[in-house]
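Let's take a friendly walk through the pockets of this protein. Here it is.

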Amino acid sequence: MYDAMLAETITIRGDGGDEVEAYLARPMSQGPYGGVVVIHHMPGYDAPTKEIARTFAVHGYNAIMPNLYHRDAPGASPDDAAAAARAQGGVPDHRLIGDVAAASAYLHGMTSANGKVGVIGYCSGGRQSVLAAVSLPLDAAVDCYGAFVVGSPPEGMPLKVGPIKHLIKDLSCPLLGLFGADDQYPSPEQVDELEQELKAQGKTYEFHSYEGAGHAFFSVNRPAYRPEAAMDGWQRIFTWFSRYLS
């Protein structure tokens with residue numbers, strides 16, 4: 001097998017036909033490969049999340065990560081773009097759905113595609129991964145510690161988002177959830193509430209919570225990083241996507 005990959009910045013037509021920057025990473029052999037839409041965390045379209053996209057390419061997936069903050073601060077650094085997006089209350093739900101739909105369509109249109117596309121998100125992107133999965137036809141979804149799928153942001157937090165538990169009835173694909181037992185948003189109680197709704201709606205899901213881990217335990221460049229939880233989580237992600245996207 002030809003062991004090489006290509007990673008590059010491209011442009012896709014996002015929500016409303018807007019031109020949106022995106023990061024594409026793909027194996028350079030013929031495939032066919034499943035596709036993964038990577039939804040970045042609240043700190044933005046940064047180097048660590050680009051590395052996540054490349055990791056999926058190394059493991060045999062076409063991966064694309066749209067820059068959800070491209071409209072808010074085009075050309076800005078990830079920190080400045082994230083600050084601009086936070087000041088506006090975060091990414092509007094309708095815009096997120098449109099951008100993920102465009103990224104999914106791009107993956108479906110690749111010559112090496114196998115016709116299956118999943119989505120994964122971290123932090124705010126975890127909620128957005130669930131939002132995409134209840135709004136679009138997808139084959140698999142992963143929620144990594146997504147806050148406010150259940151519950152609303154506390155007073156003083158700039159995010160202008162609401163809970164989406166009531167949309168779980170529309171979930172289009174199996175959902176894997178990875179959470180920290182020491183997290184506040186989502187708290188273990190909120191994770192339990194989401195799990196009960198998934199059960200009530202008869203959805204296919206699998207949840208794992210890690211003791212000693214809080215929010216952002218996948219983030220290798222932050223103090224919150226928990227190697228054991230992250231490594232186990234990665235293996236569960238690859239198993240999940242192998243089951244539903246291969």
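Helix H1 is the main contributor to the lining of the second largest pocket, giving five residues. Helices here are DSSP runs (H or I, at least four residues) numbered from the N terminus.

A word on the basis: this is a predicted model, where local features need pLDDT of at least 70 and side-chain atom pairs count only at pLDDT 80 or more, while totals for chains, interfaces and linings use all residues. Residues are numbered from 1 along each chain as its sequence is written, and side-chain values use heavy atoms, with hydrogens and water left out.

A pocket is an open set of points on a 1 Å grid over the protein atoms alone, where a 1.4 Å probe fits, with protein on both sides within 12 Å along at least five of seven lines; lining residues have an atom within 4 Å of a point. Its volume is the space filled by probe spheres set on the points, which are joined across faces, edges and corners.

| Pocket | Volume |
|---|---|
| Largest pocket | about 390 Å³ |
| Second largest pocket | about 280 Å³ |

Among the 18 residues lining the second largest pocket, Pro-48, Ile-52, Phe-218, Val-220 and Trp-234 are the closest to its centre. Its lining has eleven nonpolar, six polar and one charged residues.

In the largest pocket, helix H4 gives the most to the lining, with three residues. The lining there divides into 13 nonpolar, six polar and five charged residues. Nonpolar means Ala, Val, Leu, Ile, Met, Phe, Trp, Tyr, Cys and Pro; Asp, Glu, Lys and Arg are charged, and the others, Gly among them, polar.

Methods: Helices (H or I, at least four residues) and strands (E, at least two) are DSSP runs, numbered from the N terminus.
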